[in-house]
Amino acid sequence: MQATVRRVEECRVCGANDWLEVISFGDQELANGFLPQAEEYAEPTYPLDVIVCRNCWLMTIRHTVDPDALFSHYVYVSSESDLILDQMRHIVDVAVDRFGLAPGDLVVELGSNVGIHLGMFQAAGMRVTGVDPARNLVEIANQSGVESIPDFFGPEVAGRIRSGKGPARFMLGRQCFAHIDDVHNVLDGVTTVLAPDGVLAIEVPYLLPLLDENQFDTIFHEHLSYFSFGTLVRLFAAHGLRVVDVERAPVHGGSIVVYSSPADAGREPSPAVAELLAVEERRGLNTERPYREFAERTTRVIDSVRTLVRELVAGGQRVAGYGAPSKGCALLQFCGLDARDLEFLSDTTALKHGKVTPGTHIPVISPLQARANPPDCYLLLAWNYAEEILRKEKAFLENGGSFIVPIPEPRVVTAESPGGQLPGLNAAA
Ligand code: TMP
Ligand code: ZN
């Protein structure tokens with residue numbers, strides 16, 4: 001069923017209507033829309049065009065798909081990878097050690113998924129409430145004892161939480177802020193329930209590594225905004241929130257966690273705030289150039305990955321995908337690689353098994369099944385876990401298998417060249 005689409009005219013952060021057109025990926029299926037196996041597929045497609053606001057330098061996509069179509073039944077379960085769990089524990093430590101969160105305090109999480117992170121706060125003695133529009137995930141959270149509300153977060157839900165449980169000392173939004181269209185409404189919700197000395201921690205994929213490392217596959221319909229730090233500082237300030245700290249986090253290809261607090265709470269910003277703003281200034285994020293250059297590199301990498309896979313397949317190799325993240329589905333669509341090129345994708349998420357990828361219709365199987373019949377080469381779609389995965393798949397490599405790591409530039413990893421080799425076609429380019 002075709003969902004409603006809104007064409008963005010006014011910038012969701014600053015309200016201006018002056019856009020730089022960066023790159024168009026054409027019409028694309030929804031990257032998280034895994035489908036049951038079928039004879040024929042009739043999937044709706046939606047335009048995917050990247051634009052940048054010339055006033056506040058928000059990078060965004062031109063068309064937003066109705067969030068009900070994207071999020072009310074969500075197959076993305078927060079990864080239980082070591083990297084992500086470590087990051088969640090780290091944020092709990094920061095909340096306690098740096099911001100004085102104590103047992104009994106209320107923690108509210110936006111986009112709380114199955115409640116893993118809130119479970120950690122609960123174990124430390126805090127009271128918790130999660131909010132997430134995905135009913136299937138909220139049900140899992142509630143069953144595991146993490147109280148969660150199936151809804152989109154905003155002033156109404158925030159008001160209900162505040163009257164039932166009092167103000168929140170700590171609020172959390174990990175990897176969900178980029179999915180939100182009406183960010184001002186969500187921040188109105190935050191200021192409704194946040195305590196006068198409370199802290200909001202927002203973790204988003206960071207624009208800088210996205211541009212520098214050609215992470216074009218993280219651009220898909222679910223991700224509306226690609227934030228620089230400067231744009232976030234400006235956005236929070238519009239809601240009376242002062243950014244008091246920022247840190248880089250090694251998750252999802254490079255993210256930032258931005259900590260803010262009501263401006264009149266008297267918390268002083270750490271030096272990291274001015275430092276990162278200066279980095280962005282030097283990098284020219286408030287100019288057109290880095291966006292234009294990103295678009296050029298993206299076009300080139302897409303061509304290289306397609307050629308590399310096709311050459312291997314033509315040479316008789318069996319190629320499959322490692323991981324079936326949404327960004328992998330996006331990458332396959334951008335490259336035009338489908339079930340004729342890749343035999344299957346191996347993924348640890350049970351919800352995805354037996355389904356096929358959106359648009360490209362490649363079957364997703366379990367790692368157990370994949371290990372019983374391994375391909376010659378894996379295209380590493382979950383490249384953000386490259387280190388963890390290459391370590392785990394040592395035996396596959398030692399048995400002569402190889403990995404294509406597509407990002408930032410395609411390279412081929414084998415047991416002999418664990419650092420990866422640039423394929424000939426790149427050297428020529
Ligand atoms: P994410 O980048 O959104 O966390 O998605 C990563 C996907 O990759 C997720 O579907 C799980 C999958 N995955 C594997 O199949 N094997 C692995 O070893 C890891 C770390 C992830
Ligand atoms: Zn703007």
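Of the 429 residues in the protein, 57% are buried (under 20% relative accessible area; exposed is over 50%, partly exposed in between; 1.4 Å probe, protein chains only). The model is predicted, so local features need pLDDT of at least 70 and side-chain atom pairs count only at pLDDT 80 or more, while totals for chains, interfaces and linings use all residues. Residues are numbered from 1 along each chain as its sequence is written, chains are lettered from A and ligands numbered from 1 in the order written, and side-chain values use heavy atoms, without hydrogens and water.

The protein holds 15 helices and 21 strands (DSSP runs numbered from the N terminus: helices H or I, at least four residues; strands E, at least two). Its C-alpha atoms fill a box of roughly 65 × 50 × 45 Å along the principal axes.

Six strands form an open, mixed sheet, ordered β18-β16-β15-β19-β20-β21. Strands pair if DSSP finds at least two bridges between them. β18 (364-365) and β21 (411-413) are the edges; each has a single partner strand, so one side of each lacks a neighbour in the sheet. β15 (residues 319-322) and β16 (residues 345-346) run parallel and are joined by two bridges. Gly-321 has Leu-345 as its bridge partner in β16.

The zinc ion (ligand 2) has Cys-11 (SG), Cys-14 (SG), Cys-53 (SG) and Cys-56 (SG) as protein donors, 2.3 Å away. Donors are N, O and S atoms within 2.8 Å of the metal (3.2 Å for Na, K and Ca); water is not among the atoms, so sites may look incomplete. The donor residues follow the spacing C-x2-C-x38-C-x2-C. Cys-53 is buried, at 0% relative accessibility. Cys-56 is also buried, at 5%.
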